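Reader: I'd like to learn how to read a few surface features in a model. Can you walk me through them?

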Amino acid sequence: MAEKEKFNKTKYQNEYISKKYDSLRIVVPKGKKDKIKAYAAGKGESINGFVNKAIDKAMEE
């Protein structure tokens with residue numbers, strides 16, 4: 001009898017993300033990431049959420 005394949009949560013999440021989202025990589029000077037992260041956290045957001053809002057706002061203008 002074949003052994004049932006174990007569900008791989010990480011693989012499932014990675015496949016879902018690759019199908020539903022595009023990925024961008026940005027580079028910032030050393031130390032700036034921590035400042036961005038702290039600022040976003042102070043607003044109750046993740047870095048990703050903060051950056052997406054900033055991009056949307058800039059593109060509206």
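**Aromatics and a pocket**

Author: Let's start with Tyr12, which counts as partly exposed at 48% relative accessibility. Buried means under 20% relative accessible area, exposed over 50%, and partly exposed in between (1.4 Å probe, protein chains only). This is a predicted model, where local features need pLDDT of at least 70 and side-chain atom pairs count only at pLDDT 80 or more, while totals for chains, interfaces and linings use all residues. Residues are numbered from 1 along each chain as its sequence is written, and side-chain values use heavy atoms, with hydrogens and water left out.

Reader: How many aromatic pairs does the structure hold?

Author: Rings of Phe, Tyr and Trp (its six-membered ring) pair if their centres lie within 6.5 Å; planes under 30 degrees apart are stacked, over 60 edge-to-face, and the rest tilted. The structure holds 2 such pairs. One of them joins Phe7 and Tyr12, tilted, with 5.9 Å centre to centre and 45° between the planes. Phe7 counts as exposed, at 60% relative accessibility.

Reader: And Tyr16: which helix is it found in?

Author: Helices are DSSP runs (H or I, at least four residues), numbered from the N terminus. Tyr16 is found in α1, residues 9-20, and is partly exposed with a relative accessible area of 40%.

Reader: Which element gives the most to the lining of the largest pocket?

Author: Lining residues have an atom within 4 Å of a pocket point; a pocket is an open set on a 1 Å grid over the protein atoms alone, where a 1.4 Å probe fits, with protein on both sides within 12 Å along at least five of seven lines. Here α3 gives the most, with 5 residues.

Conventions. Helix = DSSP H or I, 4+ residues; strand = E, 2+ residues; numbered from the N terminus.
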